[in-house]
Amino acid sequence: MLNSVSTTISNIKSNRQVFLVSITTITIAFSILGLFLVIFVNLNSFLTTWNQQVQLIVYLEDTVTANQRQVLEQVISQNLDIESMTFIPKEAAWAKFKNTFSSKKSSFVDDLKFNPLPSSYSLKFKPSEDRILKVRKFADVIKKKDGVESVEFGEKWLVAFEKFMVFIRIFILAIGALLALGLIFIISNTIKLSFYSRQDEIELMLLIGATPKFIVIPFLIEGMLQGLLGSILGLSVVKCLHIYISVQFKGSFDSIARGLDFQFITIPLIFSLLMAGIFIGWLGSLISIRQFLSLGHTR
Amino acid sequence: MIQLFNVTKTYGGVTPALIDVTFSVKKGEFVFLTGPSGAGKTTLLKILFRTEKFDRGQVLVHGKNIGKIPDRKLYTLRREIGFVFQDYKLLARKSVFENVSFAQEVVGADRKRIRFKTWEALKNVGLTHKKDAFPPQLSGGEQQRVAIARALVNSPKIILADEPTGNLDPEISLEVLNLFEHARKKGVTIVFATHDQDMIRSRNHRVIVIKRGELVER
């Protein structure tokens, strides 16, 4: 093992420039992949938070009777998925609206002589995986009841956003696969150069009784090292960018998505990326070693 | 030790290199392999070392059919055989000491043993004073002595030498030949390919003659 490591170091030293170019390429590729993943992680977290905050608002007709309201409340309380129900009378809704939108510059809200808002029920559902489905199902039931004017839970936005997330997921997978293929090709060529620069030594090693494993292991280590170093550097670049953006645009984030942090890639994902880097390096080396052996250089 | 039965080898399925070659070499024997250039001496040695495959026949080394050794297990055969090449095949980036110790490193010997055995091998060929020199700094004779030290350092049972004196003047050639004689006295089987008839006549060893791929004398 010690011998393999020292051979690896010697291989790297004799091909220092190629090794550095290869690492730089891997770093760039992992930076791109890392950036996409950061965007994905944050959009996903945004969607999850949004999903958890979704409430079903049941707007009532102005002519709703006490009897109709009693029936509605009974239907609501019978649904075990609903965590809480809040009745908002139209006066309270109007007061809240005025409080939020009235300003000194415009007197439109204050000048309005009637209350255009309806009374409503705000329903909060218990957290679960299929929460949005349950909300959708209950909305279909309740909107047909007497006294109900309409229901609202931002369905159009949610569906569009969910579709967008599926697209992003496929996009990242495709980008990842393309980058991985490119990296395997680059590493494979770097190792091939390393092989050719030591061709005389490798041939001699086989002639004097070295096992194929003894010859191959240093090159596999070199490939894996390239993958590992490249992925570490790539993720470091993304982390630096993440810190910079977090500090520079902190205020803007608060206004866009209140209560949401600008997150970095999760630890398991970081670990997976490093493993992917090592795997890509190993595979790239293996491909070039196989080519080298099949050409009969080492018989 | 070495047995060949009706070995035939052609290049590209057309040009015959060896035709129906049969002979054997006993343990500890010194054999000259001779014949004109292109007769098939090198091909024969390469077959024994399995850097070439043959078309027909059987080759046994220590009773082992070497034609059946899979490529990934070839190292087992090559650890039993030391090969000395006409062009020495020394690594120019490594010193004399490193070239010899390299042969032990690749077979996984421990560091202490490597140092001791390398020193001993260099002492046997009279090159301890050149241990830090690099091959391009040495004469042809010295380079071949390093190659012999490298071939002997792992105590092989057989030495195959392909025109080891081909590039050397007669005086140095004799010095090199004596190194092989010394190895034989220690029980190593030697197959020494040469077309130098004076050298062959100077010793009383069995001579195998090949002409156009066929065995003429054994």
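**View 1. A:Leu273 is a buried residue.** A:Leu273 has 21 other C-beta atoms within 10 Å, and is therefore called buried. (Buried means 20 or more other C-beta atoms within 10 Å of the residue's own, exposed means 12 or fewer, and partly exposed lies in between; C-beta atoms are placed from the backbone.) A:Leu273 sits in helix α11 (residues 267-294) of chain A. Leaving out residues up to four places away in sequence, A:Leu273 touches A:Phe30, A:Ser231 and A:Leu235. (Two residues are in contact if their C-beta atoms, placed from the backbone, lie within 7 Å.) A:Phe30 is 243 residues from A:Leu273 along the chain, yet their C-alpha atoms are separated by 8.3 Å.

The model is predicted: local features need pLDDT of at least 70, side-chain atom pairs count only at pLDDT 80 or more, and totals for chains, interfaces and linings use all residues. Residues are numbered from 1 along each chain as its sequence is written, while chains are lettered from A and ligands numbered from 1 in the order in which they are written.

**View 2. Four strands of chain B form an open sheet.** The order is β2-β1-β4-β5, with antiparallel pairing. (Strands, E, have at least two residues and helices, H or I, at least four; both are DSSP runs, numbered from the N terminus. Two strands pair if DSSP finds at least two bridges between them.) The edge strands are β2 (15-25) and β5 of chain B, each pairing on one side only. Strands of a sheet pair through backbone hydrogen bonds, either parallel or antiparallel.

**View 3. Strand β1 (residues 2-11) of chain B pairs with β4(B) and with β2(B).** Seven bridges join β1(B) to β2(B). There, B:Lys9 has B:Leu18 as its bridge partner. Five bridges link β1(B) to β4(B), residues 56-61. Here B:Thr8 is partnered by B:Arg56.

**View 4. β4(B) and β5(B) make a hairpin.** Two bridges hold the antiparallel pair, with β5(B) covering residues 64-65. B:Val61 stands opposite B:Lys64. Two residues lie between the strands, and B:His62 takes a positive phi near 55°.

**View 5. Chain B meets chain A.** Each chain gives 13 residues to the contact. On the side of chain B, the elements giving two or more residues are α2 (74-78) and α3 (96-105). By class, that side has six nonpolar, one polar and six charged residues. (Ala, Val, Leu, Ile, Met, Phe, Trp, Tyr, Cys and Pro count as nonpolar; Asp, Glu, Lys and Arg as charged; the others, Gly among them, as polar.)
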